[in-house]
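Subject: Structure handover

Hello,

Here is the structure for you to look through. Please open it first, then read my notes below.

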Amino acid sequence: MLTPAILGSLRIPASATPSAPTLAHALLGQTLEATIEALLPDGMLLRLADGKQLQAQGHLPFPEGTALALKGVPLPQGAGVRLQVMRASPPPTAALLAPLAQGEAAQLLARLQAPTDQSPLGTLLRSLLQAGATVAEQPEAWSSWMKEAMKGLADPATSPTEATFHQLQAKEGTGWFELPLPWAPNAEPMRIWIEQEAERGNQADDPVHRVFLSVPFSALGEIRLGLEQRHTGLKVRLWMADPGQAEAMREGLEADLASLGRPVDFRVLALPAGSPDLRALAGAAPLQAMG
């Protein structure tokens, strides 16, 4: 027989309303459903299923809005009641933040594969699916798909559930996108973070733009690319699980970067196993990860 795990506990003092004995009797053999209404300096305010509020002492590692399943245990000598947390469900994600919290690649792919979709982006997807892996080797295919998919995610007609999120981000000089890879539909998506530093002081003459990409490859694993552009030059960072794998293409990469006609600072860095994905890093403002 498995013993349910206790995720934490709270204390209801004897002076609480309803009284501790009354509450202990009501909870005997039952589970109390409650929601964390507010976090207090010495505890938290709970909202019970019937709408009543109950103040408890103690702290839990959960945010406001978390739904709790609580089991009441009387404390010795009528000192109160201990509420054992048997289950905790995080608050629902705001619909506006769903693309960031839950991703958007799978939903976009499903919409574009629907038989009724006749949008230009849907047509592009079908052509890429038919071309298969051979297209993945063509840089123009990557460029075309990235640009059109990002436009589609910001278009209310194409992506009604994601467009508002992207339009608000654009006003802040940032952007987060998860794009499905048509030539590898079951793979992790391509993740892109874009940011523009707010101009202030002497930075007005040297605006900073950054783009970070995370792309999964079957042989190389995840590869991350960071680009930072200023008037003074371009900073490029390539992260790989095995940086040595970049040696075969390093000369070509450096030659292409040199052809841009501006100073380039290019480095290949190790991407440690278990590194948080780009979505977990995109919350910083601005994201300083260029090294």
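Start with Arg210. Its side chain forms a salt bridge with Glu228, and the closest N and O atoms are 2.6 Å apart. A salt bridge here is a side-chain nitrogen of Lys or Arg within 4 Å of a carboxyl oxygen of Asp or Glu. Arg210 lies in strand E9 and Glu228 in strand E10 (residues 221-230), so the pair ties together parts that are 18 residues apart in sequence. Helices (H or I, at least four residues) and strands (E, at least two) are DSSP runs, numbered from the N terminus.

Before you go on, two notes on the source. This is a predicted model, in which local features need pLDDT of at least 70 and side-chain atom pairs count only at pLDDT 80 or more, while totals for chains, interfaces and linings use all residues. Residues are numbered from 1 along each chain as its sequence is written, and side-chain values use heavy atoms, with hydrogens and water left out.

**More on the salt bridges**

Is Arg210 buried or exposed? Arg210 counts as buried, at 1% relative accessibility. Buried means under 20% relative accessible area, exposed means over 50%, and partly exposed is in between (1.4 Å probe, protein chains only). Glu228 is buried too, at 5%.

Arg210 also meets the side chain of Glu195 in a salt bridge, at 2.8 Å from N to O. Glu195 sits in strand E8 and Arg210 in strand E9, so this pair joins parts 15 residues apart in sequence. Glu195 is buried, with a relative accessibility of 3%.

These residues belong to a network. Salt bridges link Glu195, Arg210, Glu228, Arg230 and Lys235.

Now look at Arg237. Its salt bridge partner is Asp265, with the closest N and O atoms 3.0 Å apart. Arg237 is in strand E11 (residues 233-240) and Asp265 in strand E12 (residues 264-270), so the pair ties together parts that are 28 residues apart in sequence. Arg237 is buried, at 0% relative accessibility. Asp265 is partly exposed, at 28%.

How many salt bridges does the structure hold? The count is 15.

**The aromatic rings**

Rings of Phe, Tyr and Trp (its six-membered ring) pair if their centres lie within 6.5 Å; planes under 30 degrees apart count as stacked, over 60 as edge-to-face and the rest as tilted. By this rule there are two aromatic pairs.

Take Trp142 and Trp183. Their ring centres are 5.2 Å apart and their planes are at 55°, so the pair is tilted. Trp142 lies in helix H6 (residues 139-153), and Trp183 in the loop between strand E7 (174-179) and strand E8 (190-196), so the pair ties together parts that are 41 residues apart in sequence. Trp142 is buried, with a relative accessible area of 18%. Trp183 is buried as well, at 15%.

Trp142 also pairs with Phe217. That pair is tilted, at 6.3 Å centre to centre and 35° between the planes. It links distant parts of the chain: Trp142 in helix H6 and Phe217 in strand E9 (residues 209-217), 75 residues apart. Phe217 is partly exposed, at 35% relative accessibility. Ring pairs link Trp142, Trp183 and Phe217 into a cluster.

**A surface patch**

Which residues form a nonpolar patch on the surface? They are Leu96, Leu97 and Leu168, with about 240 Å² of accessible area together. Patches are made of residues with over 30% relative accessible area and no salt bridge: like charges are joined within 9 Å, nonpolar side chains (Val, Leu, Ile, Met, Phe, Trp, Tyr) within 5 Å. Accessible areas come from the Shrake-Rupley method with a 1.4 Å probe; for residues, only the protein chains shown count as cover.

Leu97 is in the loop between strand E6 (80-89) and helix H2 (98-102). Leu97 is partly exposed, with a relative accessible area of 42%.

**One threonine**

Thr35 lies in strand E2 (residues 31-40). Thr35 is buried, at 18% relative accessible area. Leaving aside its neighbours within four places in sequence, Thr35 is in contact (heavy atoms within 4.5 Å) with Leu45, Leu46, Arg47, Gly65, Thr66 and Ala67.

**The whole chain**

The secondary structure comes to nine helices and 12 strands. Of the chain's 291 residues, 37% count as buried. The chain exposes about 16300 Å², and carbon and sulfur atoms supply 58% of that area. Among contacts in the chain with a separation of 6 or more, 52% come from residues 24 or more positions apart.

Best wishes
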